[in-house]
Amino acid sequence: MATRAGSLPARHWLRALRGGDPRPGARGYSKDGESSWFRSLFVHKVDPRKDAHSNLLSKKETNHLYKIQFHNVKPECLDAYNTLAEEVLPKLHSDTGYPCELVGNWNTWYGDQDQAVHIWRFVGGYSALMESMNKLRENQEYLQFRKERSHMLHSRRNQLLLEFSFWNEPLPRAGPNIYELRSYKLKPGTMIEWGNNWARAIKHRQDNQEAVGGFFSQIGELYIVHHLWAYRDLQSREEIRNAAWRKRGWDENVYYTVPLVRSMESRIMIPLKISPLQ
């Protein structure tokens, strides 16, 4: 028997107006769906344009490409590794013939032990990366460095990154500081939503100049986000992070971004002597 229009509660006719079957027992009907749809009216929408997220989220004015390297060092070799890196890497940074710059160099303090982390900036994007790689193949000092370094490592991996348009440019800073690298593995398809939320949220984390840089992966493991923060020490980190929760809007950012994350990792890192980020 057909259901009379006047006998249905208003909330079911709201569903009918959205294109669904208004009857409570109909296939696909869900009270949770109703409340989810209602909440969506107040959620900030992602950019609907059809384009790669690298074009929508990255800085247009700089055309920089970043490389992050993770070197897992044999425990007995860490001091020798640091000495070797401090001798060779600044030469590449200061040589104007190489379109690459050191952003930062660290040892992991809390997280993976006996680990070195390096971030490089290639000024000019992929063409600068290829130019640097081709020149390094002819650099005998660097080739010897790689040979010596290979005996000190358990493993190594890297990623090519772009920087989010709404984050600070990672510029040299005086120390002493500790650095936190927070790495997020996102669900595929959620990068733009992540970026839209953080574009609003980053304003809550600027008071103490703790926001150093924000990046997302382009080559290597994909849908990875790295946020780099600087703190005076672990106590100031605790105080700054707690203060963010007292700012209106920070809790909303956490609420909407946590469901986008598959896993996350936090490293506390100590700068090497050569690091422009001290």
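Is Asn 139 buried or exposed? Asn 139 is buried, with a relative accessible area of 17%; buried means under 20% relative accessible area, exposed over 50%, and partly exposed in between (1.4 Å probe, protein chains only). The views below come from a predicted model, in which local features need pLDDT of at least 70, side-chain atom pairs count only at pLDDT 80 or more, and totals for chains, interfaces and linings use all residues. Residues are numbered from 1 along each chain as its sequence is written, and side-chain values use heavy atoms, with hydrogens and water left out.

**View 1. Asn 139 sits in the loop between helix 5 (126-136) and helix 6 (140-150).** Helices (H or I, at least four residues) and strands (E, at least two) are DSSP runs, numbered from the N terminus. Leaving aside residues up to four places away in sequence, Asn 139 touches Leu 92 and Tyr 98. Contact means heavy atoms within 4.5 Å.

**View 2. The largest nonpolar core has 51 residues.** A nonpolar core is a set of buried Ala, Val, Leu, Ile, Met, Phe, Trp, Tyr and Cys residues joined through side-chain atoms within 4.5 Å. Phe 164, Trp 167, Trp 194, Trp 198 and Val 225 have the most contacts inside this core. Helix 4 (residues 78-94) supplies the largest share of the core, seven residues. Another core, of 16 residues, lies apart from it and includes Phe 70, Val 117, Tyr 179 and Met 269. In soluble globular proteins, nonpolar side chains tend to be buried together.

**View 3. Strand 4 (residues 153-163) runs antiparallel to strand 1 (residues 64-73).** Two strands pair if DSSP finds at least two bridges between them. Strand 1 and strand 4 are joined by eight bridges, and Gln 69 stands opposite Asn 158 in strand 4. Strand 4 is also joined to strand 6 (residues 211-219), by four bridges, and these two run antiparallel. Here Glu 163 faces Phe 215 in strand 6, while Leu 162 is opposite Phe 216.

**View 4. Strand 6 is largely enclosed by the rest of the structure, because seven of its nine residues are buried.** Five bridges connect strand 6 with strand 7, and the two strands run antiparallel. Gly 214 stands opposite His 227 in strand 7. Strand 6 and strand 7 form a hairpin with four residues between them. In the turn, Gly 220 has a positive phi of about 110°.

**View 5. Helix 8 (residues 234-244) has the buried residues Ser 236, Arg 237, Ile 240 and Ala 244.** These residues lie on the same side of helix 8, because they cover an arc of only 105° around the axis. The arc is that of the directions from the helix axis to the C-beta atoms. Their cover includes strand 5, strand 7 (224-231), helix 9 (250-257) and strand 8 (261-271).

**View 6. Residues 1-46 have pLDDT under 50.** pLDDT is the predictor's confidence in each residue, from 0 to 100. For residues 1-46 the model has 34 contacts beyond four places in sequence. The mean pLDDT of the protein is 84, and 78% of its residues reach 70 or more.
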